[in-house]
Amino acid sequence: MRNAARQAINFVFAHNTSFPKVELRALADRYTAQLQLCCPPSSFSHSYAQIIHAQMIISGFSPRGHFLGRLIDIYCQSNNLSYARHLFDKIPQPDVVATTTMVSAYCSVGKLKEARRIFDETPLCIRDVVCYNAMITGYNHNDDGAATVELFKEMLGNGFRPDHFTFSGVLSGLSLVADYERDCNQLHCAIVKSGMGCFTSVLNALIFLYVKCACSLFVESSSLLDVGRELFDGMREKDELTWTTMIAGYVRNDDLVSAQQVFDLRSEKPVAVWNAMISGYLHHALYPEALGLFRRMINEGIQFDEYTYTNILSLCGDSGLFSQGKEIHACILRKEEKWGLEFSSSVNNALITLYSRCEKIREARHIFEEMPVKVTVSWNAILSGYVNAGHISDAIHFFHKIPEKNLLTWAVMIAAYAQSGLGEESLKLLNQMRLEGFQPCDYTFAAAVTACSNLGALDQGRQLHALVIRLGFEPSLSTTNALITMYGRCGIVEAAHLIFKTLPSVDSISWNAMIAAFGQHGHGCQALQLFEQMLEVGIKPDRITFLNILTACSHAGLVDEGSRYFNLMHSYGVSPQDDHYARLVDLFCRAGKFSDARQLIEKMPFEPDAPMWEALLSGCRLHGKLDIGIEAAERLLHLVPQHDGTYILLSNMYAAAGKWDDVTRVRKLMRDMGVKKEPACSWIDVENKVHIFFVDDTSHPEVQAVYAYLEKLGPRLRELGYAPDTMYVLHDVESEQKEYSLSTHSEKLAVAYGLLRLPIGATVRVFKNLRICGDCHNAIKYISKLVQRQIVVRDGKRFHHFKNGECSCGDFWVDHLEAMTSFSVAIIIIRRITKTSLVEFSSSWSVGTQDIQVELRPVQLAYPNESGQVKLQTNGITWNQFSIQAHQPGWKLGAEGVPV
DNA sequence: GTAGGGTTAG
């Protein structure tokens, strides 16, 4: 029937057919009575109105005046805007009621431009205050507070007198524009003067404005809340909205105590007031309190509405009460069946989230598919479900199907890419998002900056940092912490430190990020100092803090400190986990303390896992400990047979010992197992383009120029003392061939390309997927001296800052083949003693009596012990005996040169 | 013919 009516109307509209006229008066009475039946609006009344309209046309009755207005109204309410507009356009001079109906209808479906066009075409003499109010409401619905304020000013300029609808509308609009603090006061005064302050609705809107401004203004939030509360206390007539607004205001400003106090003031509370209080507890993860209120609602016989159900489903999803969540779902289905109603999409969205949180993505998808109206939140909930479940490809596929993406859709996908290690995709999507006119939010920035950290994309990271500043919004702590990590991981630890130092407030994540940055760059002592400061200001270290501290010690070779902090963990309520043990084992092994490592593994409360054996194996490789190394490798091969690194380490260890048969055996095993070595590659960013180089590269278009340049450098490097160390080519080939092989390593090619193509003086920043080769490390040290350029290499494990022939890692993290043995005597030059008795030793110094060259780490810091003695370490070896034979004039010695 | 702050997606 409905379709037939629509066809009839379409036919008449299309052909403009006229029909014989009948007696007008009788028809008018009949249609008036019939249209009366269309109130109140429902799906029935909408289709009935269509039938009446069709009959009017067929009978030749041409609706005018209130018939037209009524029909337009009904068509607008049933979202048949094209019919409504057709009728509206037939009116030669539409009255204000029809105009307001059309304006309001267009506004409610978000067609603001169309609404404004009709509004503007209406002469001033026709317009009235209701018409203005409708347009103002439209702007508010569209979150355009500035347009609301503008129209309000225009309205006053045109001499219209605002009513209480206008004031509450303008106050709502103002609440959308955070910077309007001064205007708030002005409007407050205007409301008092105009006498509109007697309307509860106006005062509700005013309270809302104050609490909303309190949310966005960090500094004066409490005083603005106090103004809101004064208004609240002074109101003689409070309605449901007054209570809800005040409680929600406190909740949004983190003041749950005041919220609860207002909540308790009222004995009989409407359901919305309960919901507001419960949502406060939920947003602060106070689940027992929220649950307590749900129980009280049941005891007091308060009927749950859809907001209550959404809240309780959210509680179940967030706190892991999945079976209870399912019971609520059953309860909702029963209620819908019993009352023949259908809950709105928000309840279904909460259900989707519940099921995806408990990893039931199929159930979540089923609910989604059955939803009659899918809003963007529904799509986003499923998208997040896929992201949380870890299969990224489903998320990508689903993302492209989402018809109307909002800020959050983009944010979720950008973060998903970043978390899955697909940094480039993440940044591409950020660009696309901006091209489509979306301004990235803080969450998106944090994710994109994280993507830059993982990629080592310093330029893009800097651009994002600049964009945050240019857009003028205060970056949140999560973005700032991401920036600290980004600068740290992109090699500019100073920039990370600058951000950290200038932050007005920091959290434990900021401290952890900064400690990690110092650690990765080998600034072990600074990392430890920062840790001590962290304790002084009362921030509790967590498991990540200790993980970073152990890494920092490991990168700087601080064995004793590492052990001390490891033993300190319990006193901060953190129990060491497998990864903490692995870091300490790594530290011990690097230092050649295999018995300590073994003891630690033996007393560990759980079975050693892969990272532990890997640490042991790497240490053995470093120090040529073949027997323990083989055992570790066997364990590792058993646990993760597909990991290429184990085969390579084992094979290299055999090669270093000249056991070529065993090398062949390991390589065959690797082939038999179908394991392929990850090809080494290095890359460098030049003029916003990433240039990748592989070993013995022939693919890069400019690689011949790179080889020529390296060849030219060769003799000059040798003059400085560089000698190719063929130990690093672990193939059983002739030495000349070995030397050639070394010169084609990817990191050398990338460094040379940077020197050729970057502006003079610019720091060369190279990234490598695997650990840097020892010979390349040595060569780059000499290159930095020869060309007087800073070169930074981030390898698979850490940063190496090369400057004037030295590296920040102190060669401690280079794959040494020869284990150092003990020394009896050495000469140390003391550079300076700081006020805090921190002794700084110069680099590249000390000559043993046995005429063996030894290197200290470039700058080694040490605290003298109680007796004023200082303990020094070289590459992994603690010096137990040495004597100070000389020192610079004017420098004092902490312990008069007494050996430790 | 004009309105409304308690819900859901990171």
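Author: A residue is called buried when its relative accessible area is under 20%. Please keep in mind that this is a predicted model. With that cut-off, the buried residues of helix α29 (residues 493-502) are V493, A496, H497, I499 and F500.

Reader: How do you know that the buried residues of α29 line one face of the helix?

Author: Looking down the axis of α29, its buried residues fall within an arc of 160°, so they line one face.

Reader: Let me pick one residue, then. Why is I499 called buried?

Author: I499 has a relative accessibility of 11%, and buried means under 20%. I499 therefore counts as buried. Leaving aside residues up to four places away in sequence, I499 touches H465, T480, L483, I484 and Y487. For T480, the separation from I499 is 19 residues in sequence and 7.6 Å in space, C-alpha to C-alpha.

Reader: Which residues are buried in α33, and what covers them?

Author: In helix α33 (residues 559-568), they are V559, G562, S563, Y565 and F566. Their cover includes α31 (524-536), α32 (543-556), α34 (578-590) and α35 (594-603).

Reader: On to helix pairs. What makes α15 and α16 roughly antiparallel?

Author: The axes of helix α15 (residues 256-265) and helix α16 (residues 271-283) cross at roughly 160° and come within 11 Å. Angles over 145 degrees count as roughly antiparallel, and α15 and α16 are therefore placed in that class. Their crossing is left-handed. On the α15 side the contact is made by L256, A259, Q260 and F263, and on the α16 side by V273, W274, M277, G280 and Y281. By type, these contact residues divide into 7 nonpolar, 2 polar and no charged.

Reader: Why do α20 and α21 get the label roughly antiparallel?

Author: Here the axes of helix α20 (residues 345-357) and helix α21 (residues 361-370) cross at roughly 165° and come within 7 Å. With the limit at 145 degrees, α20 and α21 are therefore roughly antiparallel to each other. The crossing of α20 and α21 is left-handed. N348, L351, I352, Y355 and S356 of α20 meet I361, E363, A364, I367 and F368 of α21. That contact divides into 7 nonpolar residues, 2 polar and 1 charged.

Reader: What makes the phi of D696 worth a mention?

Author: Most residues other than glycine have a negative phi. D696 is not a glycine, yet its phi is positive, near 55°. You can find D696 in the loop between β2 (689-694) and α40 (703-720).

Reader: Is D696 buried, exposed or partly exposed, and how do you know?

Author: The relative accessible area of D696 is 38%.

Reader: Why is Q788 called exposed?

Author: Q788 has 56% relative accessibility, and exposed means over 50%. Q788 therefore counts as exposed. Q788 sits in the loop between α43 (774-787) and β4 (791-794), and has a positive phi of about 50° without being a glycine.

Note on methods: Residues numbered from 1 in each chain as written. Chains lettered and ligands numbered in written order. Predicted model: local features only at pLDDT ≥ 70, side-chain atom pairs only at ≥ 80, totals over all residues. Heavy atoms only, no water. Buried < 20%, exposed > 50% of the residue type's maximum accessible area, 1.4 Å probe, protein only. Helix = DSSP H or I, 4+ residues; strand = E, 2+ residues; numbered from the N terminus. Contact = heavy atoms within 4.5 Å. Axes fitted to C-alpha atoms, helices over the stretch in contact; angles between N-to-C directions. Parallel < 35°, antiparallel > 145°, perpendicular 65-115°, else oblique. Left-handed = near helix turned anticlockwise from the far one by under 90°. Nonpolar A, V, L, I, M, F, W, Y, C, P; charged D, E, K, R; others polar. Arc of directions from axis to C-beta.
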